[in-house]
Amino acid sequence: MILNRNRESFSGLLGSGLFIMMVCLCHPFSDKKVREHLSAKDGKKCGMSEVYSTCSGGNKPQCCTCLETLKDMVKTHNKTVAA
Ligand code: FES
């Protein structure tokens, strides 16, 4: 498991399928789950709260430590889809 604070140093390894990065620890879900959700959006933009809610099983953030990572992932996704 790679914690959020180490994500920069392991960013080159992520997406290789060899590592799973836990995005949220309060309501555990990984980057894989987030990417699956974003892929299922079929080229449509989405919001952080929707992604968090879906990936966490309908929960709301507790400590909010993961939100910066989630924000980066959603922002990157939204940049790749048509306006
Ligand atoms: S780590 Fe995601 S809400 Fe705490």
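Threonine 65 is partly exposed, because 15 other C-beta atoms lie within 10 Å (buried means 20 or more other C-beta atoms within 10 Å of a residue's own, exposed 12 or fewer, and partly exposed in between, with C-beta atoms placed from the backbone). This is a predicted model, in which local features need pLDDT of at least 70 and side-chain atom pairs count only at pLDDT 80 or more, while totals for chains, interfaces and linings use all residues. Residues are numbered from 1 along each chain as its sequence is written.

**Where threonine 65 sits**
- Threonine 65 belongs to the loop between H3 and H4 (helices are DSSP runs of H or I with at least four residues, strands are runs of E with at least two, and both are numbered from the N terminus).
- Leucine 25 is 40 residues away from threonine 65 in sequence, yet their C-alpha atoms are 8.8 Å apart in space.

**Helix H4 and its two faces**
- Helix H4 covers residues 67-80, and its 14 residues should span 20 Å at 1.5 Å a residue, which agrees with the 20 Å between its end C-alpha atoms (the expected span is 1.5 Å times one less than the number of residues).
- Leu70, Val74 and His77 are the buried residues to look for in H4.
- These three cover an arc of only 60° around the axis, so they lie on the same side of H4 (the arc is that of the directions from the helix axis to the C-beta atoms).
- On the face of H4 turned away from its buried side you will find the exposed residues Glu68, Asp72, Lys75, Thr76, Lys79 and Thr80.
- The cover over the buried residues of H4 includes strand E1 (22-24), helix H2 (31-40) and helix H3 (48-55).

**How H3 meets H4**
- The axes of H3 and H4 come within 10 Å and cross at roughly 115° (axes are lines fitted to C-alpha atoms, for helices over the stretch in contact, and angles run from 0 to 180 degrees between N-to-C directions).
- That makes H3 roughly perpendicular to H4 (angles of 65 to 115 degrees count as roughly perpendicular, under 35 as roughly parallel, over 145 as roughly antiparallel, and the rest as oblique).
- Met48, Val51 and Tyr52 of H3 make the contact with Leu70, Lys71 and Val74 of H4 (contact means C-beta atoms, placed from the backbone, within 7 Å).

**How H2 meets H3**
- H2 and H3 have axes that come within 10 Å and cross at roughly 120°.
- H2 and H3 are therefore oblique to each other.
- Their contact is made by Lys33, Val34 and His37 of H2 and Val51, Thr54 and Cys55 of H3.

Methods
Contact = placed C-beta atoms within 7 Å.
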